[in-house]
Amino acid sequence: MIDGIVLKNIAYDLNDKLVGGRVDKITQPERDELLIHIRAGGKKQRLLLSAQASMPRVHLTYKNKVNPQTPPSFCMLLRKYIGNGRILSIEQLGMERIIKITLEQLNELGDLCRYGLIIEIMGKHSNIILVNDQGIVLDSIKRIGYNISSVRQVFPNKTYELPPNQDKKDITLLTSARELKDDLSIFNDDIFKGLYQLFTGISPFMANHICFTCGIDSNSHIESLTDGHYDLLFKTIEKIQK
């Protein structure tokens with residue numbers, strides 16, 4: 001399962017391998033999937049971006065796929081704007097399950113323009129969105145209109161907005177065991193559920209893993225935690241923050 005913590009490491013790895021590279025080819029083998037061929041560091045790389053509801057993901061791949069005879073309209077739009085673009089950065093937005101690839105390319109007038117390719121990895125709400133340097137949506141692999149969502153729309157000429165964060169805290173900003181205790185103690189629940197509800201970017205699996213690393217029963221109630229337990233939890237979270 002890809003959560004914010006896993007995606008942080010994926011973004012770091014992709015940034016290390018692909019920044020400075022140029023887009024060589026863009027294909028859309030599936031309705032909700034892109035394959036971007038990139039020349040970077042003297043190597044040819046294939047970057048898979050998937051907005052599939054059942055298995056959204058971002059990763060390098062050695063596999064190629066058969067493409068439709070006529071490229072979909074979103075694929076054609078990407079070729080127009082970033083078809084020979086140079087990758088400037090690949091970053092995670094906060095601790096959200098969102099990666100933004102920033103590219104630059106000359107337009108038809110010879111002016112250097114910047115674009116952002118945003119990949120949202122959020123189950124059935126996953127999407128791939130192209131924005132200009134002002135954050136205006138040029139198009140997306142899934143258009144989300146008012147008939148689909150009254151909370152957040154994604155379609156051309158609309159300003160890109162991050163998905164609602166459910167008022168969770170960024171785990172990378174936690175500063176002490178005492179702060180963790182104060183924040184976690186408001187939940188009347190099991191420990192792993194409290195961690196999952198408190199922090200953005202944490203899946204139930206990761207919350208359980210944090211407890212396991214500390215030797216704490218994740219299904220125990222939060223009230224059972226001692227100051228020593230909070231020290232262990234904070235030290236484990238500190239390792240995640242790096």
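Let's start with helix 4 (residues 191-198) and helix 5 (residues 204-213), whose axes come within 8 Å and cross at roughly 125°. This is a predicted model, where local features need pLDDT of at least 70 and side-chain atom pairs count only at pLDDT 80 or more, while totals for chains, interfaces and linings use all residues. Residues are numbered from 1 along each chain as its sequence is written, and side-chain values use heavy atoms, leaving out hydrogens and water.

Helices here are DSSP runs of H or I with at least four residues, strands are E runs of at least two, and both are numbered from the N terminus. The axes are lines fitted to C-alpha atoms over the stretch in contact, with angles from 0 to 180 degrees between N-to-C directions.

So helix 4 and helix 5 are oblique to each other; under 35 degrees would be roughly parallel, over 145 roughly antiparallel, 65 to 115 roughly perpendicular, and the rest is oblique. Their crossing is right-handed, with the near helix turned clockwise from the far one by less than a right angle.

Who touches whom? On the helix 4 side, Ile-191, Phe-192, Leu-195 and Tyr-196 meet Pro-204, Ala-207, Asn-208, Ile-210 and Cys-211 of helix 5, contact being heavy atoms within 4.5 Å. By class, that is eight nonpolar residues, one polar and no charged.

Now, friends, the inside. The structure holds one cavity of 30 Å³ or more. Its lining is Val-23, Ile-36, Ile-38, Leu-47, Ile-82, Ile-87, Ile-101, Leu-103 and Leu-117: nine nonpolar residues, no polar and no charged. Strand 2 (33-40) and strand 6 (98-106) each supply at least two residues of that lining.

Methods. Nonpolar A, V, L, I, M, F, W, Y, C, P; charged D, E, K, R; others polar. 1 Å grid on protein atoms, 1.4 Å probe; cavity = no way out; pocket = protein on both sides within 12 Å on 5 of 7 lines; lining within 4 Å. Points joined across faces, edges and corners; volume = space filled by probe spheres on them.
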